[in-house]
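Student: Please go through this structure with me, one question at a time. I would like each answer to end on the value or name I ask for.

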Amino acid sequence: MLLFYSKKPFHTRYGGQRDESPSLLDTLYLILYTCYMNKPRIFSGIQPSGNLHLGNYLGAIKNWAKLQDEYDSIFCVVDLHAITVPQDPEALKKKTIEIAKIYLAAGIDPSKCSIFIQSHVSEHTELAWILNTITKIPEMERMTQFKDKSEKLDKSKISMGLFDYPVLMAADIILYDTNLVPVGKDQMQHIELTRDLASRFNNKFGETFILPKGYTTKESANIMGLDDPTKKMSKSAKSEYNYIALTDDEETVRRKIKKAVTDSGSEIVYSDEKPALKNLINIYSLLADKKPEEIEKEYAGKGYAEFKNGLADVTIAFLEPFQKKLKEYDDEKVLEILRAGAEKVRLLATAKMEEVKKKIGFVL
Ligand code: TYM
């Protein structure tokens, strides 16, 4: 019955009518869905801006794919976050669909997970506004991502949205009673803030939100730039030699890996004293599903050139089939998946917002 109901075209009942209260059938579905799922929940998202690179894949998406069977999984294309810096409207539209295709090509299965576009569920911004009222300016000023991003901009171009971005991220997460948030290290401070805001709300208005935890692994937490192992691989890097984009072709991958900086010496060792090599071994380890020690053994007595060739081979072995899949998705089909995902999660979001509004004292 659950499956039958979930396959019904929700948008025929919900499309564009977001202020309509859920019907009795929807509420029943929600209860059954929660009981049936009975799994802890993960939520995560990626901004539709810039070129997605191996850091995004290894730091986030690969872990999502790994966790999707164990967790009730919700993955979002966070377009409301992307507009905290100026975006070209046409490019944003294209990128939003492209990110969803990347989720699918990386093995995120829409029959197990909900994939949706953030702006399709207006409760994200509604909750963010409410959380704004319990957020303190100094705790926002401490956010290192804001400091990094705003340093690169002319002061007159720093938007209120960019400053407020972590509150929207907190709303994204706690709106769905999320237990675990698989992200890279750069997002962990935002998850700490999320916990603080959730707990502050609970203390003020009564138990409402789950306090989520971040999830990452030692190898994937922080994939560093190939041109500078002291800085993370980044979408906004100035040099293309900083990253391997998920759309790079074989020639580009080989050229970039050949040019990647290495440390002094010639042995292939996994050590904090050799941060450039450690980073390359981490990438190798994640792509080949081998432990760093196995890679050390494999390349014992061999030099950097041979190791880099091997790394290029495993990178291409991942990228080629991935890119092939990426080309197979049709925009309309992907949009259908995204709309169905939004309809599914909207039930959870509206129920949570009703609870929040009641606790605050809004007249319903
Ligand atoms: P975004 O779009 O900048 O990055 C997407 C994901 O990729 C991870 N990542 C990395 N991981 C390891 N090494 C790197 N070099 C690297 N670069 C990026 C990021 O940690 C992230 O997991 N604020 C988020 C998006 C967001 C979100 C959320 C995430 C909005 N709401 C709710 C989780 C839950 C962001 O800008 O990620």
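This is a predicted model: local features need pLDDT of at least 70, side-chain atom pairs count only at pLDDT 80 or more; totals for chains, interfaces and linings use all residues.

Student: What is the mean pLDDT of the chain?
Tutor: Of the residues in the chain, 90% reach 70 or more. The mean pLDDT is 92.

Student: How many helices and strands does the chain have, and what share of its residues is buried?
Tutor: The secondary structure comes to 16 helices and five strands. The chain has 364 residues. The buried share of these is 38%.

Student: Which strand is joined to strand 2 by five bridges?
Tutor: Strand 2 covers residues 72-77, and its partner runs parallel to it. Within this pair, Cys76 stands opposite Phe116. The partner is strand 3.

Student: Why do the buried residues of helix 7 count as lying on the same side, and what arc do they cover?
Tutor: In helix 7, residues 123-132, the buried residues are Glu123, His124, Leu127, Ala128 and Leu131. They lie on the same side of helix 7 because the arc they cover around the axis is only 135 degrees.

Student: Which helices are included in what covers the buried residues of helix 7?
Tutor: Among them is helix 5, at residues 79-82. Another is helix 16, at residues 331-360. The cover also includes helix 10 and helix 11.

Student: Which residues are closest to the ligand?
Tutor: The ligand is surrounded by 23 residues. Strand 1 (41-46), helix 4 (54-67) and helix 10 (160-174) each supply at least two residues of this shell. By type the shell divides into 10 nonpolar, 10 polar and three charged residues. The closest are Gly55, Gly59, Ala60, Val183 and Gly184.

Student: How far apart in space are Ile210 and Asp177, C-alpha to C-alpha?
Tutor: Ile210 is in the loop between helix 11 (188-205) and strand 5 (213-215), while Asp177 is in the loop between helix 10 and strand 4 (180-182). Leaving aside neighbours within four places in sequence, Ile210 is in contact with Ile174, Asp177, Thr178 and Asn179. Ile210 and Asp177 are 33 residues apart in sequence. In space their separation is 5.4 Å.

Student: Is Ile210 buried, exposed or partly exposed?
Tutor: A residue needs 20 or more other C-beta atoms within 10 Å to be buried, and 12 or fewer make it exposed. Ile210 has 17, so its class is partly exposed.

Student: Asp177 and Asp289 each have a positive phi of about 50 degrees; which of them counts as exposed?
Tutor: Neither residue is a glycine. Asp177 has 18 C-beta neighbours inside 10 Å, so this residue counts as partly exposed. The other residue lies in the loop between helix 13 (275-288) and helix 14 (292-298). With 9 C-beta neighbours inside 10 Å, the exposed one is Asp289.

How values were computed
Residues are numbered from 1 along each chain as its sequence is written. Helices (H or I, at least four residues) and strands (E, at least two) are DSSP runs, numbered from the N terminus. Two residues are in contact if their C-beta atoms, placed from the backbone, lie within 7 Å. A residue is near a molecule or strand if its C-beta atom, placed from the backbone, lies within 6 Å of it. Ala, Val, Leu, Ile, Met, Phe, Trp, Tyr, Cys and Pro count as nonpolar, Asp, Glu, Lys and Arg as charged, and the others, Gly among them, as polar. Two strands pair if DSSP finds at least two bridges between them. pLDDT is the predictor's confidence in each residue, from 0 to 100. The arc is that of the directions from the helix axis to the C-beta atoms.
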